Structure formats: structure tokens, C-alpha cells
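Subject: Structure handover

Hello,

Here is the structure you are taking over. My notes on it follow below.

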Amino acid sequence: MSTAGFNSQNGTGTGQTYANGPSQNPVALQQLPGVSYGMTHQPSYNPMPAKAPPPTGPGLYPSAPYQPVPPVSSYQPGPQITSYPSSPGQPLLPRPPLSGPPSHTPPQSASPSPGPRMPPAQATPPPPAVSSSSYYPSPQQPMAPAWQYNTAPPPMGPPTSISTPPRGPVANHVNPAASLAEPLPPSSAPYSTAPPPRVSQSVTQPPGPGMPPTSMLGYTQPGTAPPPMNPMVPNTYQPGRPAYGPPPTGPSPIGPPPIMKPTPPPTGPPVANTTPPPPKGDAQCGGAVNSTVPPTESDGQEGDIECPGAVAGNGPQASNSYNHVDNKMAGLAQPGPPGRHLGHYPSLPPGYQNASAPHGTSSMHPAMQAAMQPYTQAPQPYQQPPGGPGPAQLSPSLAAMSLQSSTPEALRVVNLLQERNLLPPTPVPAPTPCLPQDLQKINCNPEVFRCTLTSIPQTQSLLNKAKMPLGLLLHPFKDLSQLPVVTSSTIVRCRSCRTYINPFVSFLDQRRWKCNLCYRVNDVPEEFMYNPVSRSYGEPHKRPEVQNATIEFIAPSEYMLRPPQPAVYLFVLDVSHNAVETGYLNVFCQSLLDNINALPGDSRTKVGFITFDSTIHFYNLQEGLSQPQMLIVSDIEDIFLPTPDSLLVNLNECKELVQDLLKSLPTLFGKTMETQSALGSALQAAFKLLSPTGGRMSVFQTQLPNLGVGALQSREDPNQRASAKDIQHLSPATDFYKKLALDCSGQQVAVDLFLLSAQYCDLASLGCISRYSAGSVYYYPSYHHQHSPAQVERFQKDLKRYLTRKIGFEAVMRIRCTKGLSIHTFHGNFFVRSTDLLSLPNVNPDAGFAVQMSIEDNLDDMQVVSFQAALLYTSSKGERRIRVHTLCLPVVSSLSDIFSGADVQAMTGLLACMAVDRSVTASLSDARDAMTNAAIDSLTSYRQSVLTIQQPGLLAPACLRLFPLYILALLKQKAFRTGTSTRLDDRVFAMCQLKYQPLFYAMLMIHPALYRVDDLTDEGALNINERTIPQPRVLQLSVEKLSREGAFLMDTGTVMYLWIGRNCHPNFLTQVLGVPNYAAVPENLYLLPELDTAESQRTRAFVCWLRDQRPFYPSLHVIRDESQLKANFMQNMIEDRTASALSYYEFLLHLQQQISK
């Protein structure tokens, strides 16, 4: 087995295989000679180290043999056992011992070893420790099934392929032309001891005095208000830490922090030179490269996510207006500013002052509604008790929480072996951070931005001791029912770190604010003194930017390096014999005809079409033609555009020709016998067509490409689907699609892939075209217009959503965090253009992202830290917009507080992303072992370091009680399961979904929801838009919860199964399914008949309500005991034992055995 670490992430010029791993953010290097795609050769972060003992250091993650050792020891658990006993009564095999120095024979993963996990004595001196991210294959160094969660790796030498010896320098994913960071120190050795690159901040000033640390032992229960402040609580009073809230009215007693020595703010009116200096070339605006000037330079020279526009006190003065609620699906058209002279403030447009959420915003589960209550209300005034800036204002509130006598619910001790019914009856809400109520009220919605730990440890060593992953999960472009939109000539940002002003900054007085990320003191620009909501002057702390954790700015022209691109849509359609047989072409053409007027865009919107089989067909749709003109290019080796100017046409001007083409396409190829597919050449042609403008390429493919560039061969062995312990061919077979995706990304083109096939299509290779161009993958296995009507319905619904949903073009995203924190690994579909800048040629409201973080500097002088995600994009209407989300979390100093703030679902989502990468770069078995060890490690840390009274059993805090269940669910998920026949494309697609689905949707795919639906009542039902939505309990995923007398609905995210018991009550069969008895239930029933009965209405209302909770359309299958799909239904019974996997109770016994060693 190859033991190399992660290979280069974002493309190289060599023909090596590629890792499907996350994109890291190493420091940019100068481009190497002979290497294309401008990636640096720094290796990527490897969250799962090799089995050789890594060098000890303060950042490593302690593990073996579980004792509260200082965080210097290396973290080195052994491989997971692979064979399990046949019954719970037999003793489970212990975890094998740690290997010491790598032996010449790989350890047998299933060999029992009764001794403790300690390195054996060696007669020969051990070889030097090898870094976990080594790129050099070593047969002596198998991969370890454990993560080093939170430490970035040291920079190292050039990477090599996973499966081949080094071939010379290989480029990684950072564009040197887009570099923002200093080059690495030269090193001839393969490993360097230089510290990992910092991404979090580039601030030269040291921080000012922070907030006093306080204990967080009294973690408040979600939904409860913090206890009243107690002025007698002992706390460290630090006068240098300004209070949150409005500035004092008199002269401020608090000057700039003495350590920072900021430049004195200019006094009087703005300087005469109000024209901003021309912005440097910047990576995020229209494809230009980044400036290499460090971010600490003056604002006009900063290389940054958003081109430096008018900053505080600079730039053209213009009126600012505030549009309170953005439309749910698309931005409202913004009125132009009525005046360009200072002091002219337009009145607020009518209807915006007290705008309420549109109907239907409450159509979510009560638990989710309760969890989001602070976020769905109108903005709350952010005020503090009068009395000037009290630096201890925050501290007593937090300190008082730690004096609560009772143990918080999150830390209640649960014996998992005894308490079987742990699954709550309603969906699990996100935990509420332990913040004062006024801060929590305006914190970011957890559906948009959440952290795996809602209490941030003060130090990396404390985080290592907790043994839980630290990371963020984002859904940055989510459809929001309320989105404050601000139009202003001056977007106020920190002059040092470029953070956008937000609710968690501090106002020292009316004219100065302190950044909450780098602590620099900034001036408040004159126009920011006016509040467009209240139409008052002199209260900058009441501006919408300081009242909303999520806000959108309409960017001024300084944020553009070229005119905003139009909406451009190019459709690339497979028309081979196989494609025509599936019948997808009829559905696509009809769907586009139905929705052509709903495509997002304006008068500039362009569309084009390319079809292909063994040749490439273009369509001239130029205005003036009587009918579309088909142009065939048969030279697929040297593709060219026959008439470049008439293939992409203005939709409004040529709509009739477009409609004629869509009506004729299905019959045009109806009799074709062409079986070959030249997909690669078609993609090259489409890239040439879209390069001048950028846009969206929608590719529909039904078979393995077998002609021309990018041709692939079948790599799947059906006989190995179930028996192989390690799955082969999870990585791409060629780098063609990845390289093309990087070309597309550079030209602001994203590629979305629709794969409709009954045969193997090598999604591992084809998916690269979407992954690195920020596109999406849609997969419809065994699609056929007659044989799989449920797939046809799903395809139709998905297409409608895809064609009509909001879209952002030429987008970039940057995540900033408080100084001391650092981001080191990204997960999702994108290309990392510079160290921390994600290139997103298209951004859609259904895409999620995740990042891993580490703590570089101690946070002991801070009480809270903040994270800010800024997404700059061009709307379909041609507006340049910036959507900003800011999240604030408390800093804690005790392990119990860290555990009490654990977000078990966010942890599961992040671990799933890490495991996908590990499966591709190492092996599936390593990823499975690492997930199991994640549960062992966190529960061991809790038992040894938090529990004061040791008790028998498998003990967990209440907040982590579902963690072992979710880990077992991941092990049985289609992406990671073994011993069950799983098609390779199905597995790869499941991995793709775990990487880019937002957490809320991914959790259903990991742990489905099961409901009994034959006895639905109106008790506890929701009433939405005059519809009554029943709310049945969520049941455990075990056969023992099923009953032959009932009917049960299982929601797996993308598919729903309605299982009918053999003895189901006749009333349900007749009133809901419209059949007289069980035997009359049709074999392929996928629609619930619309019957005029109360039972039918309740059942259909509940299914529709579940479907409305997500943007994609889950198909429904009604199944009986004899149905072929019953096996799929039963595979999701996570708590039951299968031939190749443990039951939940056996898994708990296994965890207990490992923990008690």
C-alpha cells in the first residue's frame, strides 16, 4: 500500500494521479520552471498522520496509552480491528499495540494483542521519524488510522504522486502570480522545521489588552437567558478593554491601547484628495492576479478578497441607503443613489421599515425554529446599560454563569450502554454559544455559519487534550427569507486586516472603533455617522452593518476590475444512442422551455448549445435566421469554433430561435446509431466558447467517454464490490478533467455535471471538472424514462430548481478569524487561488463549505473570538455584491467548558469531509479506523480529564451522547461502508455529497430520519399557510422499531422510502394508498395518490413539508417486503447488525474496550 500523504490538490502539469483531498493554504511560492498551473510545491495538510511515530512537538495530538499526558507526546493509535465477534457475549478483540519504528512487515490489523498500546523494544536504533505528510512512498510506513486534528504541518519539500515515485517538482494549488504571502525559506532537506504558514492575520501591531478570561463552567442550556449580572463576582478588570455597545456621549476615557501605537487619526474633514488610488490587480475581481503587497500597506494598495474600494475617509462621497429585506430568491433591484454630494440621505423606501418575513418562513420544524429564534426576527437594537464604557460589562455576565450550582445539561453524564433511547424525538438543534444575551441575539444563524466547538479553547495544547476537531461549516449563499442590503459609497473596513465592520466590534467613542479580529483602532468615516434606518445622525453603533451578523453590500465601482459579466448559460448535451435511449433529452428540452423566462439574468443574458457524440455539433442562433443552423465539427483532435460570434446569443433577442431548437432537438437525434462519446473535445469547445465572458456550463452525460481527449476505460470490477476491504480507483484515472477545470476557473467558468447512466461512468475522474471549477454534480443512476419514473420525476424537479435558483458569477470568498487562530484546510468545490482565497466562478445557494482551524497563539487575553466570511460575487442582474457573515464565540480555559460547547453534528460533518480525503489519499480502511478512533479519543479525554468521579460503563457528556451513533452511521454510509455491494460511482457520488452538501442536508444522508406514518394525528401539528402538518416522533434506526401492523417513512435526504408492513391496517391502505389490501400495493409506486380523505391529506402534507426543507427533490418509493428496494431500506437501519458491520450496542462495547485499556 502506498504510504504517501496528500498529493497536490489543485492540479499539476504532470501526468500523475491526483488526490481528491481538500485544498490547503500553504504559503505561496515562486513558480517552478516547467510546471504549469502555477501551484506551489508545498505539500498539503494531512489530517491523518502516518503510522511511523511523528516527531514530538507542542502541536501534536496526545493519544497512546490514554493518560492525561502533556500535549508533547505523539498521538499514535494503532489500526482498527477488522473482524468482529459473532455475538456481544464474546470478548471483542483489543486495539492492536502501537508500532514503534516502522517494521519491515506491515502489522496484521486483526491480530490480537493483550498488552497496552506501547512501542515494543527494538534492538536496532529507530530510524528518524517521518513527517505525517510525507510525499515519498515508503513500504515500511503504513498510514495511521487517526487524525492530527488541529495543527498545520511544517512546510516540506516537493510532493510526489501517491502511487508513483517522485518525478520531480509537482505544483500545488497556490497561484504564485496571485500570492499574498512571503516565499518559504529555501531548504534542501525534504522537511523543514519552519512554522506552518499563518493565514489568519497579517497584522503587524500586537493586540491591545484583551478581555479578562473567565471560567465557562456554567454553560447555560440552549434557550435560557444568562443569569443576572452579579457585580460582586471576582473578575479581572482590564480598563484597556472597551465595552461592547454604543459609544459614550462624553469624551472617551479610553485611548488607543498603548501597545498598538496606531497612527493618530486625522482630525477635521476628510482630506481634499478624495479620489481613491487605483486598486492593484486583485485575484478576486474578474480574474486578475493578486497584489503581492502585504495587507498591512495602505488601503489603496492592498491585495485582498474585495478590491480596495473607498475606505474610511477616502473615496467618492455618495448617499447611502438601506434596503432591509432582500427578496427570498433574488436580490431586489436597487434604486440608484439620488445624489452624489455629502449630506444628501434618501428616505427609506416605503415598506422597508418594519418588513416582516414573507409567508412560509416558519415552515420548519419547531426545534429548528426555536434554535433559530434569534435570527429570524427583525434586527434588535444592540444596547448596553448606560454609564459609560464599562470594561467589565461582559465579564460579570459570563463569570456569573460559572457560579451556577447545578451541572449544565450539556455536561450531564450519560452511560451510553444503559440509556438506549438517546435519539431526541425532534431534529437536533444547534447548540447555543455561551455568550451574553445581547451578543447571542445578533450572532450568526447556525444554518449559515457554525463551529464544531461553540467554546474555543485558549491554547492549542488544550484543544489537543480535548481531542475534538476544530473547524467551521458554512452555507454562505443560502437562500434567506430576510437579508439586510446596504447601498453605500463607503464600506467600512479595518485598515489593517480588512475586516468588515460588524456587530462585534467595539466603539471607543463616536469617531473610533476597534477591530474585533486584529484590535486595530480605526476612524469612523463621516457618512457612517448617519443611520438610514432611523434617519438619525451620530449613532454609528446603530447602523445596520453593526446590527446584523449577516448583511449584503452593493459594492461600489472600486470593487470591480472589469464590468460585471452578464449571465451566460451554455448547455452541453450528450446525443449518442445511449443518451437518446434514456429519454433524458425530452425532459431537459421541455424543462428548459417551461422555465426559459425564469432563468436568472437581465437584458444581457446569453445562452448557447453544444451537442456531441463522436463529433461536436454547434448551433448558430444568430438573430435574423429563420431556423437554427447546425454546424458539425468532426476533427475532435483539434477543436475550433466555426462561427464564434453567433454560438452564444442574447436570450431576449433570439428567444424564438432558442425555443425552436429545444422543440426539434429530441427528434433530431431520435434515429442515431452513434455509440461513441467525445466528451473531452466537447468540453474543450465549450471552454473556448465561454472563455471571453465566463459563465455556467451545464454538461449532460450518459456514458463513459471513449473517444478523443479525456477518453476513459472501465475500472470497476463488479466482483470486488463487496469483498474487497479496500476500494480501488477512488482517485481520478487522468488529470485531463482537473486541468480543464483549472483553466475554466481562471476564466470564471464553472461546470455542472449531470450524470444519467446505468453503466459505470468513472465519476471519480469526471467529477474533477466540477470539483475544481466550483460546480455541482448531479447523479441519476439507472435513469430511464420508462423503467425508472421516480428518477424522471426527480430529474425534472432538480432541473427546475437548477435553472431558476439564484446564482452568483465571478465570485471569491475569504474567511478571516481573530488573531491567534489560523485556517489550514478547506473542503468543498472550489479552487484556492491564493493562500486563503477561494475562487468560485459560480456560487449557488445549495453549496456548503468546511474549513479546519488551529490555534497558533494563546488566546488567554481574550474572552471572545470572531470569524468572518466575505463572499464577493456578481449577481445575475449585473450588480457587484458582498455578502458578509460574522460569528462570535467565547474563549474558555477548562476542558469541561470545551466539552459543554461541542456541536456533535458539526463535528460529524467535518470528520466526514476529512474521511473522504483520507479514503482517496490513503485507503478506505484507514479512513474508517480514523473515524472510530475519533470517537474513542474524545470519550477517553472526557473520561480522564473531565469526569471527577470514575464510574463503570461507557460515559459521555450529554452533548456528545449521539457522537458514537453518528460515527457508526458514517461507517455504514454508502461512502465508507464495506462488505456490502456498492457500485463505485455510487460510492464516489456519496463522497462528493458529503464534501459539498450543507450540514443540514448532509446529516440526513449520514443518519436518516424514521417516522411512523400510519397513525398520524393533528396533535402537536404545525399550521403553515392553512395546512396542517403532523409531527410524528423521530424513531431509532432499528428493525425493532418497525411493526408489521404499521407504515414507516424513512427520509435519507435524497430518497424517501415508505415501508408498508405485511399486516398494515386496511384503513391506511385504502385511505392513503387507495388499494383494498396489502397484496394490491403496486410494485413501483412512487407517488401518493391525492385522495379526498383526512389520512391522505395528512400523509401528503407531511411528505411535502419534508421535501420543502431542502432545495433538491427526494424521490419517494413505496416498498413492501417483497420489493427489491427493501434491501436499501434495511441497509439504513444503522443500529442493527449486518453480516459485515457491528450493531450499535456492539460498537459501544468495542469503544468501551478501547477506552478502558
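**Overall picture**

Of the 1157 residues in the protein, 64% are buried, where buried means under 20% relative accessible area, exposed means over 50%, and partly exposed is in between (1.4 Å probe, protein chains only). The model is predicted, so local features need pLDDT of at least 70 and side-chain atom pairs count only at pLDDT 80 or more, while totals for chains, interfaces and linings use all residues. Residues are numbered from 1 along each chain as its sequence is written, and side-chain values use heavy atoms, with hydrogens and water left out.

The secondary structure comes to 23 helices and 35 strands. These are DSSP runs numbered from the N terminus: H or I with at least four residues for helices, E with at least two for strands. Among the contacts with a separation of 6 or more, 78% are between residues 24 or more positions apart; a contact means heavy atoms within 4.5 Å. The accessible surface is about 40,000 Å², and carbon and sulfur atoms hold 54% of it. Accessible areas come from the Shrake-Rupley method with a 1.4 Å probe, and for residues only the protein chains shown count as cover.

Two strands pair if DSSP finds at least two bridges between them. Axes are lines fitted to C-alpha atoms, for helices over the stretch in contact, and angles run from 0 to 180 degrees between N-to-C directions. Between β9 (residues 512-514) and β10, which run antiparallel, there are 3 bridges. Arg 512 has Asp 523 in β10 as its bridge partner.

The other sheet is also open, with 4 strands in the order β30-β33-β34-β35 and mixed pairing. Its edge strands, β30 (1009-1012) and β35, each pair on one side only. β33 (residues 1047-1051) pairs with β34 in the antiparallel sense over 5 bridges, and Asp 1051 stands opposite Met 1056 in β34. Helix α20 packs on this sheet, touching β33, β34 and β35, and its direction makes about 140 degrees with that of β34. Helix α21 (residues 1094-1108) packs on the sheet too; it touches β30, β33, β34 and β35, and its direction makes about 10 degrees with that of β33.

**Salt bridges**

The structure holds 32 salt bridges, each being a side-chain nitrogen of Lys or Arg within 4 Å of a carboxyl oxygen of Asp or Glu.

One of them joins Asp 479 and Arg 801, with the closest N and O atoms 3.0 Å apart. Asp 479 is in the loop between β6 (471-474) and β7 (485-487) and Arg 801 is in helix α13 (residues 789-804), so the pair ties together parts 322 residues apart in sequence. Both Asp 479 and Arg 801 are buried.

Another links Asp 1121 and Arg 1062 (3.8 Å, N to O). Asp 1121 lies in the loop between β35 (1115-1119) and α22 (1126-1131), and Arg 1062 in the loop between β34 (1055-1060) and α20 (1066-1073), so this pair ties together parts 59 residues apart in sequence. Asp 1121 is buried at 16% relative accessible area, whereas Arg 1062 is partly exposed at 36%. Both belong to a network of salt bridges that also includes Glu 1083, Arg 1120, Glu 1122 and Lys 1126.

Asp 1015 and Arg 1012 form a salt bridge as well, with the closest N and O atoms 4.0 Å apart. Asp 1015 is partly exposed at 44% relative accessibility, and Arg 1012 is partly exposed at 26%.

**A covered helix**

Helix α10 (residues 736-746) is mostly covered, with 8 of its 11 residues buried. Among the buried ones are Phe 736, Tyr 737, Leu 740 and Cys 744.

Regards
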